[in-house]
Amino acid sequence: MKNYFKTIVKYSLILGLCAFPVSCEEYLDVSPDTLISEEEAFENFTKFQGFTEELYQCIPDFTNAYWTNSWNWGEDEIQSTANNFHFVVKIDNGDLWGWQSQADGWQAGWMNRNNVSTNNNRFNKDLWTLGWRGIRKANIGLANIDKLTDATQEEKDLIKGQLLFFRGWFHFQFIQYFGGLPYIDTVLPSDQPLTLPRLSYAECAEKAAADFRMAADLLPLDWDNTTIGKRTLGKNDLRINKIMALGYLGKNYLWAGSPLMNKESTGSTAYNAEFCKKAAKAFGELLSNTESGNTKYALLPFANYSDNFYTTGKNWAIPGGSEAIFRGPYWGAHSSTYGTAKQYGPSLIAAGDDVKFLPTANYVDNYGMANGLPITNISQADAESGYDPSYPWKGRDPRFYNDIVYDGVKSVAGTMPANQESNRYANLFTGGSYRNISTGSRTGYLNYKFIPVTANKYDGGYEYGNNLNIHIPWMRLSDIYLMYAESAAVGYNSATGKDPSYSKNAVEAVNVVRDRAKVGRVANKFLGTVDSFMNEVRRERAVELAFEGHRFNDLRRWLLFIQSPYTLKKSIEFDRDASFSTATPKTNKVLNIRETVILERNYSEKHYWLPLKNADVNMYLEFPQNPGW
C-alpha cells in the first residue's frame, strides 16, 4: 500500500472519453524545458479537467478485464473445470488470498494486477493499484483547487465534485471487501513514515458519505445542461453527476448499516437503523429526481432489458441506455466478443476458451413464478404459486426466460452441419450433449443474460461485423429501487416504511421493478413482518441483479455468506418425458427432477473479509491484517 500511497502520477487525458479540446501530453520522463508549474497545470478548467480525467481511466472493467472473466463469487455461479485460475474457483476452495496478483499467475483477476496503467489496455486495469492511485490523484487535485483561478464557479464546482466523488468511490470499493481502512483525505508526504490507523467501517463510511454528499451538492443532474458541458453535448453520459453521487451516498450508508459492517463497527449483528434511514433519504432524493423527469434516467422497457448489458448491430454503442447510472470507460469494444461472449455457451456450439461460467441450479430457484410467488422446493408441487415439478419451466418469472437457457431452448438459428443438427436445441437434461463439466454446463442451465442467442459459431453473433459489445454497469436504476426498499424497510421497521421526503414506501419500490418485468407484486403474506418482507427483497435482488457482480457482497453484508444453504452449489437433474418437443420448451414435461450438490464451500468467520496483502500489513503496527488471516 505504501507504494500506492506514494505513487507520483502522471497527468493524462482519457482517450475513451475525449470530451475537451486539449492535447494529450505525457508528463513523465520529459525534458525540463517542457515541465509546467503547478499554477499553470491547475489554472483553468481545460487543464484541470485534463488532470482529473485520468481518474476515469482508473475504473476497471470487470466485464472485459481478461480473455475470460470472473466477477460472480457467491453461490450464484460455478466455473467449468477446464481450468482453475479464476478467483471464483479459489473462493470455492476457501482461498480468499486468490484476489491478489501473486496468487494468480495468469493475471486474470480485475482486483489486482502487476502491469497496471491508465492507458487504454483493458488488461492493465485493476481496482487495488489504480484505486490507491486514484485516491492520491483526487487528493492532489483537491489540495490545488485554489489554484483554479481562471474559471467560472460552475467550472470550479465540476472539478471539485468529480474529485470528491472519486475519493469516496475508491474508498468505498475497498472497505466493502476489506473492512475499515485508513481514509486518505490528504496528500501523504513521501519522506515521512506511515502511521495512519485502520478506522472502523462506520468511521470510513462517514468520511466517504461526506465526500459523496458534497459531490452531489456540487455536480449537475446532467452535464449536457451546463455551459461547459454543451461543448461536448451528447457525449457526457459517463461523466460524474449528482445522480451518481447520490446513488453511492445511499449505497455507502446502506452497506455501513448492514449486519456485517455494523458488527465490525459496533459488535451488533442487527442492521444499524440510523445508517439505513440516511441511505433511504439519499435514494429517495435520487428517485424523486428521476421520477420527476429532471434527469435522463429511467427504467428501460422490458422489451429492451438486454440493452442494459449488451448491444449488437448498433455500431459498438455502449450498453446501459437510460437505466445505467454508473459505468466506467471501455477499451476496444470488440474485446468483449473475444472472451466474455464465448464464456457462457458450451464449447459444442461456442468456439473460444473452454472455461465456462454456469448459473447454479439453487440460485436459479430464486426465479419464481410469473404471479410473483416464490418456488419453495423445486421437487414439490405448490398449489398456491402454481409451480409443478413435472413442468418446471412453465409459468415462470419473465426474467427467467430472458436470462436462463434451459432444456429444449433453441440455441442456434442458422445453418448447421447435418451431424450437429441434434445440438440446435439445448440438451440440458441429465446426460444431454450440453452437459459437460469441463467445457459445457455442470448445472443443467446456461446464462444468456449478457449475450444474444446468436452468440455461437454457427450464427456468428460474436463476429466483428455484428458489433456485439458487452459492458455491465456498476450501478443501474433498478438496483436503486431495491436498495431503497431494503433501507426504508429496516430503517423504519416496516414493509411500508418510507423516507418522509419520497413518495413511495419500501414495498412500492420493489413493485416498480416487478411491474417493469410484468411479474406479480409482492404478496400480502410477506408484508406482516420486516423479516418476511426482507426475504422477498433478497430474492428480488437475486433475480433482478442476477450475475451482475452483486451477490458476493450482498451475502457477506447480510451475514449469510458462510451459512448453509448459501455455501452450496447445485445442479438440476431430470429426464425428458417421451412427449418432449422443441416447439414448446416452456411446457415440456420432465421426469425425476431433483437437485444434486456439486460442491459445498467450507468457511469460517474469517471468510467474511478478504485478506490484505502481507507486504502492506507488515509496514507498520497500526495497519493490522484482517482477523484469521
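Which helix holds both W128 and W132, and how many residues apart are they? They lie in helix α5, residues 127-143, four residues apart, about one turn of the helix. Helices here are DSSP runs of H or I with at least four residues, strands are runs of E with at least two, and both are numbered from the N terminus.

Before going on, the ground rules. This is a predicted model, where local features need pLDDT of at least 70, side-chain atom pairs count only at pLDDT 80 or more, and totals for chains, interfaces and linings use all residues. Residues are numbered from 1 along each chain as its sequence is written, and side-chain values use heavy atoms, with hydrogens and water left out.

Back to the tryptophans. A search of the whole structure finds 57 aromatic pairs. W128 and W132 form one of them, edge-to-face, at 5.6 Å centre to centre and 90° between the planes. The cut-offs: rings of Phe, Tyr and Trp (its six-membered ring) pair if their centres lie within 6.5 Å; planes under 30 degrees apart count as stacked, over 60 as edge-to-face, the rest as tilted. W128 is buried, at 1% relative accessible area. W132 is buried too, at 1%. Buried means under 20% relative accessible area, exposed means over 50%, and partly exposed is in between, with a 1.4 Å probe and protein chains only.

Next, charges over rings. The charged end of R576 sits over the ring of F580, 3.7 Å from its centre. K606 lies over the face of W629, at 4.2 Å from the ring centre. The test asks for NZ of Lys or CZ of Arg within 6 Å of the ring centre and within 35 degrees of the ring normal.

Take α14, residues 477-492. How far apart are its end C-alpha atoms? They are 22 Å apart, which agrees with the 22 Å that its 16 residues should span at 1.5 Å a residue. That expected span is 1.5 Å times one less than the number of residues. Helix α14 is mostly covered, with 15 of its 16 residues buried. Just after α14, N493 takes a positive phi of about 60°.

Helix α9 runs over residues 259-266, and P259, L260, M261 and N262 in it are buried. The buried residues of α9 pack against α6 (153-178), α7 (201-218), α8 (242-257) and α17. Contact means heavy atoms within 4.5 Å. After α9 comes G267, with a positive phi near 90°.

Two asparagines deserve a look. N467 has a phi near 55°, a positive value in a residue other than glycine. N467 sits in the loop between β6 (446-447) and β7 (469-470). N592 is not a glycine either, yet its phi is positive, about 60°. N592 lies in strand β10, residues 590-600. Is N467 buried or exposed? N467 is buried, at 14% relative accessible area. N592, at 52%, counts as exposed.

Then the cis bond. S564 and P565 are joined by a cis peptide bond, with omega about 10°. P565 is in the loop between α17 (551-557) and β9 (568-576).

The grid is 1 Å, over the protein atoms alone: a cavity is a set of points where a 1.4 Å probe fits but cannot get out, a pocket is an open set with protein on both sides within 12 Å along at least five of seven lines, and lining residues have an atom within 4 Å of a point. Grid points are joined across faces, edges and corners, and a volume is the space filled by probe spheres set on the points.

The search finds six cavities of 30 Å³ or more. The largest cavity has a volume of about 220 Å³. It is lined by 18 residues, and the closest to its centre are Y177, W474, G549, H550 and N553. Y177 is in helix α6 and counts as buried, at 5% relative accessibility. Beyond its neighbours within four places in sequence, Y177 is in contact with residues including W73, W110, F552, N553 and W609.

Last, the largest pocket. Its volume is about 640 Å³. Of its 24 lining residues, the closest to the centre are N362, N366, I375, P565 and Y566. Which helix gives the largest share of that lining? Helix α16 does, with four residues.
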